[in-house]
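Here are my notes on the model you sent. They are set out as numbered points, to be read with the structure open.

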Amino acid sequence: MGKLRLIFTKEGRAVYISHLDLLRTFQRVFLRQGLVLRHSQGFHPHPILSFALPLSVGQASDCEILDFETDGETDGSGLTEALNRFMPEGVRASDCYIPVRPIRELAALRCRVELFYDGGVPEGAAEAVRSLLTGESVVIQKRTKRKAMADIDIRPMLHSLEVTEEPGSLCLDAVVSAQNPGLNPALLVTAAEVHLPRLAPDFAQVRRMELLDAEGGVFR
């Protein structure tokens, strides 16, 4: 039995592949490659695959993690290139190796959130958004696991923020909590829409850039 960790990119049209469809996609990719996966026990065995922090539909990422187990012993050498032959457009493996760190040590995400304005960035938008998100609290409503709406303060989960203005867009480069609790970067857009309605973007785009540990180092 070999435990492996795959790092992959998800972008372009692939951002609209749901979590369950992505799971099925990798099952087919592994099958086409001829990789035999270890299965769970019981009446309905299924391949042992685990995504760390499943990505929301519509978001892109350079650093997705998939942990899986094979029936045979392997260190993952050459598997990245082999799998990419069967990957759909927008999904590309970048590394594969034997994991040495548990997912619980994944503490933060470095991400980029872009706010696009068809008529150009409103005057003073960069400073207004920066002031909002770096204030003492940023309360928004979020749906809970029980499907009810609740007020949450996202400010403690935002560790750092840089706001820059580019032609037609605002770029928010942020580091946010990954888990326990984690902050979906899309909620930064929600906060701007709720508290600064005149600055609500015409379109927003989110991309995960890097996974970090508690010390701010790259998590792998």
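**Notes on the predicted model**

1. Phenylalanine 219 is found in the segment after strand E10 (203-212). The model is a predicted one, so what follows concerns computed coordinates.

2. Is phenylalanine 219 buried or exposed? Its relative accessibility is 0%, and because buried means under 20%, phenylalanine 219 counts as buried.

3. The surroundings of phenylalanine 219 come from several parts of the sequence. Beyond its neighbours within four places, phenylalanine 219 is in contact with Arg5, Ile65, Arg101, Pro102, Ile103, Glu105, Leu106, Leu211, Leu212 and Asp213. One of these, Arg101, is 118 residues away along the chain, yet the two C-alpha atoms are separated by 8.2 Å.

4. Glutamate 64 deserves a separate look. It sits in strand E3 (residues 60-70) and has a relative accessible area of 4%. Because the cut-off for buried is under 20%, glutamate 64 is buried.

5. Which side chains make polar contacts with that of glutamate 64? One is serine 61, at 2.7 Å, and another is arginine 208, at 3.0 Å.

6. The largest nonpolar core has 40 residues, and the members touching the most others are Leu133, Ile154, Leu170, Leu172 and Leu188. Two or more residues each are given to this core by E3, strand E5 (108-116), helix H3 (125-133), strand E8 (158-166), strand E9 (169-177), helix H4 (186-195) and E10. H3 supplies the largest share, five residues.

7. Leucine 133 can be taken as a worked case from that core. With neighbours within four places in sequence left aside, leucine 133 is in contact with Val138, Arg155, Leu158, Leu161, Leu172, Leu188 and Ala191. Two of these partners, Leu172 and Leu188, are themselves named among the core members that touch the most others.

8. Another core lies apart from the largest one. This other core holds 22 residues, including Phe30, Phe51, Leu83 and Ala93.

9. On confidence, the protein chain has a mean pLDDT of 91, with 100% of its residues at 70 or more. Where is confidence lowest in the chain? That place is strand E6 (residues 139-143), with a mean of 84, whereas E5 is highest at 97.

Conventions. Residues numbered from 1 in each chain as written. Predicted model: local features only at pLDDT ≥ 70, side-chain atom pairs only at ≥ 80, totals over all residues. Heavy atoms only, no water. Buried < 20%, exposed > 50% of the residue type's maximum accessible area, 1.4 Å probe, protein only. Polar contact = N/O pair within 3.5 Å; in protein donor to acceptor, adjacent residues only side chain to side chain. Contact = heavy atoms within 4.5 Å. Core = buried A, V, L, I, M, F, W, Y, C linked by side-chain atoms within 4.5 Å. pLDDT = per-residue confidence, 0-100.
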